Each structure stands twice: as structure tokens, then as C-alpha cells.
Amino acid sequence: DNMVVLEQGASAIPIEIHAGSRLLLSGDAPFERPILLWWSFVGRTQEELKLASDQWIAQDERFGSIPDYEGPRLEAPAFPDQMRASK
């Protein structure tokens, strides 16, 4: 339930998590322009996010599967009418 954004140039990141926790670590070059973040999606436009949401709901192969996960598939919340770009 937490998101942490790290500054560029970190050479090490100490992490402690509890047993059974999940961690997603991603990184790359910074985006060249503001981005939109919604639920589990990142995009440059609201249309991109809407397409990703529609594909998630349709269980498009774009998102693959996790064979060992035994819980129900997460349901995306209702798509918002408006969004604002990140800073």
C-alpha cells in the first residue's frame, strides 16, 4: 500500500520487508514529460490509461498471468472522468 520514488543515482537501496510481503521495484531513465498514474497503470495520456484499463478488464494477454497466484484477479476501480499529470 505504499509507493516510494527514489532520486536518481542511488547505488544501493536497503530494504526490509515482512514475510509474505510483495515488492515491485522498477526503474529506467526519467520520463521526458509529465505522466499520468492511475491504479496500476502509467501512461502519457488519459486515452492510453483507458485502453490499458479496458485491456485489463478483458484479460488481454498484454498483462499475462501469474500461474502460482491462487487469489481472485484484481478488479480495476471505475475509470475517472479527469486526471492531472504528475509533477
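Analyst: In what follows, a residue is called buried when its relative accessible area is under 20%, exposed when it is over 50%, and partly exposed in between, with a 1.4 Å probe and protein chains only. The model is predicted, so local features need pLDDT of at least 70 and side-chain atom pairs count only at pLDDT 80 or more, while totals for chains, interfaces and linings use all residues. Residues are numbered from 1 along each chain as its sequence is written, and side-chain values use heavy atoms, leaving out hydrogens and water.

User: Is Glu 16 buried or exposed?
Analyst: Glu 16 belongs to the segment before E1, where strands (E, at least two residues) and helices (H or I, at least four) are DSSP runs numbered from the N terminus. Its relative accessible area is 80%, and because exposed means over 50%, Glu 16 counts as exposed.

User: What distance separates the C-alpha atoms of Glu 16 and Asp 28?
Analyst: Glu 16 is in the segment before E1. Along the chain, Glu 16 and Asp 28 are 12 residues apart, and their C-alpha atoms are separated by 22 Å.

User: Which residues make the nonpolar surface patch of about 690 Å²?
Analyst: A patch is built from residues with over 30% relative accessible area and no salt bridge, like charges being joined within 9 Å and nonpolar side chains (Val, Leu, Ile, Met, Phe, Trp, Tyr) within 5 Å. The areas themselves come from the Shrake-Rupley method with a 1.4 Å probe, and for residues only the protein chains shown count as cover. Leu 23, one of the patch residues, has its place in the segment before strand E1 (36–38) and is exposed at a relative accessible area of 53%. The patch is made by Val 4, Leu 6, Ile 13, Ile 15, Ile 17, Leu 23 and Leu 25.

User: What is the volume of the largest pocket?
Analyst: On a 1 Å grid over the protein atoms alone, a cavity is a set of points where a 1.4 Å probe fits but cannot get out, whereas a pocket is an open set with protein on both sides within 12 Å along at least five of seven lines, and lining residues have an atom within 4 Å of a point. Points are joined across faces, edges and corners, and a volume is the space filled by probe spheres set on the points. For the largest pocket this volume is about 2700 Å³.

User: Which elements give two or more residues to the lining of the largest pocket?
Analyst: The lining has 46 residues, of which Met 3, Val 4, Leu 24, Leu 25 and Ser 26 are the closest to the pocket's centre. The elements that contribute two or more lining residues are E1 and E2.

User: How many salt bridges are counted?
Analyst: A salt bridge is a side-chain nitrogen of Lys or Arg within 4 Å of a carboxyl oxygen of Asp or Glu. Arg 44 forms one with Glu 48, at 3.1 Å between the closest N and O atoms, and the side chains of Asp 54 and Lys 50 also meet in a salt bridge. By this rule the count is 2.

User: How many residues apart are Asp 54 and Lys 50 in helix H1?
Analyst: The salt bridge between these side chains has an N to O distance of 2.9 Å. Asp 54 is partly exposed at 36%, and Lys 50 is likewise partly exposed at 36%. Asp 54 and Lys 50 are separated by about one helical turn because their spacing in H1 is 4 residues.

User: What is the phi of Trp 39?
Analyst: Trp 39 is found in the loop between E1 and strand E2 (41–43) and is partly exposed, with a relative accessible area of 36%. Although Trp 39 is a residue other than glycine, its phi is positive, with a value near 50 degrees.

User: What positive phi does Gln 59 have?
Analyst: Gln 59 has its place in the segment after helix H1 (46–57), and at 53% relative accessibility Gln 59 counts as exposed. It is not a glycine, yet it has a positive phi of about 55 degrees.

User: Is Gly 43 buried or exposed?
Analyst: Gly 43 is found in strand E2. With a relative accessible area of 7%, Gly 43 is buried.
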